[in-house]
Amino acid sequence: MADVTERTTIDRVLQPTRALLAISILLPAVLVALASWQGYRDALRDAAVRVERNGHILHEHAVKVFETHKLVIDEINTRLEGLDFNKPADALSLHNLLKRLQDEFDQVATITIADAQGRMIGSGRTFPPDPSVTFTDRDWFQALKARNYTTPFISRSYTGRQSGQSVFNVALRIKGPDPKVFYGAIAVSVDRKYFEDFYRNVEPGFEEYVVLFRSDGAILAQQPAQSAAILSASTISNRLAAASNGYAAVNLNIGGEDQIAGFRKVGDYPVIAGFAISKKSALRFWRRNLVIYAGLGLLAALCLLAVSWMAIRQAAREREATERWREAANRLTAEAAMRENAETQLRQAQKMEAVGRLTGGIAHDFNNLLTVVLGSLELLGRRLSSADEKHRTYINNAMEAAKRAAALTSRLLAFSRQQPLAPAVVDANKLVSGMSDLLTRTLGEQIGVEVVLAGGLWPAHADPNQLESAILNLAVNARDAMPNGGKLTIETANSHLDDAYAARHHDVKVGQYVLVCVSDTGIGMTPDVVANAFEPFFTTKPVGKGTGLGLSQVYGFAKQSGGHAAIYSEPDEGTTIKLYMPRYRGVAATQAEGVAPEVAPERAKENATGQLVLVVEDDAGVREFTAAALRESGYQVVHAADAEQALSLLPEHEDIALLFTDIVLTGSMNGRKLADKVKILRPDLPVLFTTGYTRNAIIHHGRLDEGIAFIGKPFTVRALSAKVAEVLSARP
């Protein structure tokens, strides 16, 4: 209680001193701020006045130049009356006139006369004129031939054929007895350097930009040279049309610097003159004055601070103690936040491990059961006659349910990042384009599908089948979010996730990625739904409408591929899900574009030709179905229940064409070790592996080992036949 009273007394005593301290800081700061603000406004106002004044000067200069060129053209037109170009004396007289006019004006680079066919019939540079030189490709000739302009036509800039200089032309038709007839054209080339020399140092002491351009945006002259248009020509034309005084003030950004600019239309010509001063140079003097203002303000503040410093010194120790306590509290808060974040990550890792153990524990046996169920139903369906349609319906329903059970197990493996992936070099543009028809059929007529493909897209490194499945999964989710119809957009792009992004997402690696973005115009998600959307079994759909594993499967696939997945959504604003696949940096001869075409059962059966397959499977039901499926496809079969029995069969059957083995076998030897033993005895014998789940026999870091042929359980007769045919066809 005494401590509280003492602190209250100190605070009461120090109140006037604190007020003086506040005044000593605020008063000079306010005065400096007011003076600076007024100086800032004056500097910008002065710059705007300079821009308008110089813009007027440039406008008048351009008008005089163009009017001079018009007078030159008019004089030439007058002298052309009665001249015969075929007479040497008239041709020489015309040349001398053109040369005199050309030499008389610095801005004139070349004066050229072309006949109605575009051939050169007069030149101020060469005599006699070369009739092989034509101007039919020049925009001024094409425009004048198409239309009789009352004011000279201003061409685009180009390199002159005669002068070799960067020029643009001021051109008019040759006057003749019939104004509707095109007799040819007179073109006066304007040397761009003349304008650009004039534009240098229009306003000394400022960083300036001067430009002369046509109404369609074609630049005629500029100083200094720029690589791109500074503003849309249509935008400037609209500003000028709306301006009452023929002057448009515009703020620009050129080369990363803000500019104060103004534009005027040059007389009756379709040409605009512009002048700009960089905001940085316009504020140069203001910044210098700002330093002076700040120095004076600082001096005043120091004087006032010196008065209050002695009184405040006594309270410094108490304040320092308070600060130390606050810093300690902040450290504790930060440590608590770090600990909470670590605990969150640990819980996520434990959740992943739990799902992985649960999935791995049941996947092998469950997939064996599904293999027998699916295969037996398929074989039974093949043996039904056409009169058994009712029974066929029951079989199809049972197969559909079994496939859904298999998909559920596959999604659990995908989320726990334990599905076997076969990464390849993927052209995401081709993969997405190839899915357009499938998506249109799947989503229905109420949903429009738009595909936006990036140019120069990097190749991605991912499993193309799983990437297709992920995109289709997202598209189906988007359809469910648009019950009244809408629009689905799939975009591709090159993307780079930087350190700042990785700091916000602890499981993201900095680097370059290929982005596939799926967006919808649906109902969107609330923030709490977005936070849990990738969690397994989390769903907002009614009971029986979803398993909650669709987005989990996509997330697991992205992470297992070394990539990333992110959701952006707001209620009633739609949802965007971004898949980042690692960029492939090697050189590949071919690139995967999607799912490889499946070999037709009839084709596979034709290719079997009675070849002998050794089947090794410890589950009797799966072994029996596999043998029946292979025989159904035209192969001969011998089978074994374990690796030791399989090795004993090899010497007895030298004509074995393929070893088909489960990876998880009873006994001391698994399928991979069996394959290694067989390779020693029969180096040329191809091996096809299968399993419902395995961690590390042929799959490491979630990816199939190099050169491994694999088919996952459960598989159908059709899929097995196609895979066996594929492996055998690749045999040397």
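## Strands β22 and β25

In this predicted model, strand β22 (residues 687-691) runs parallel to β25, and four bridges join the two. Strands here are DSSP runs of E with at least two residues, and helices are runs of H or I with at least four, numbered from the N terminus. Two strands pair if DSSP finds at least two bridges between them. Across this pairing, L688 stands opposite A709 in β25.

Residues are numbered from 1 along each chain as its sequence is written. Because the model is predicted, local features need pLDDT of at least 70 and side-chain atom pairs count only at pLDDT 80 or more, while totals for chains, interfaces and linings use all residues; side-chain values use heavy atoms, without hydrogens and water.

## The open sheet

Five strands form an open sheet in the order β20-β19-β21-β22-β25, with parallel pairing. Its edge strands, each pairing on one side only, are β20 (636-640) and β25 (709-712). From one strand to the next, the twist averages 25 degrees.

Helix α17 (residues 620-632) packs on the sheet and touches β19 (612-616), β20 and β21 (656-662); contact means heavy atoms within 4.5 Å. The direction of α17 makes about 165 degrees with that of β20; axes are lines fitted to C-alpha atoms, for helices over the stretch in contact, and angles run from 0 to 180 degrees between N-to-C directions.

## The largest cavity

A cavity is a set of points on a 1 Å grid over the protein atoms alone where a 1.4 Å probe fits but cannot get out, and lining residues have an atom within 4 Å of a point. The largest cavity is lined by 14 residues, with T112, F135, Y158, R161 and S189 nearest its centre. At least two lining residues come from each of β1 (108-115), β5 (166-173) and β6 (184-191).

Note on methods. On a 1 Å grid over the protein atoms alone, a cavity is a set of points where a 1.4 Å probe fits but cannot get out, and a pocket is an open set with protein on both sides within 12 Å along at least five of seven lines; lining residues have an atom within 4 Å of a point.
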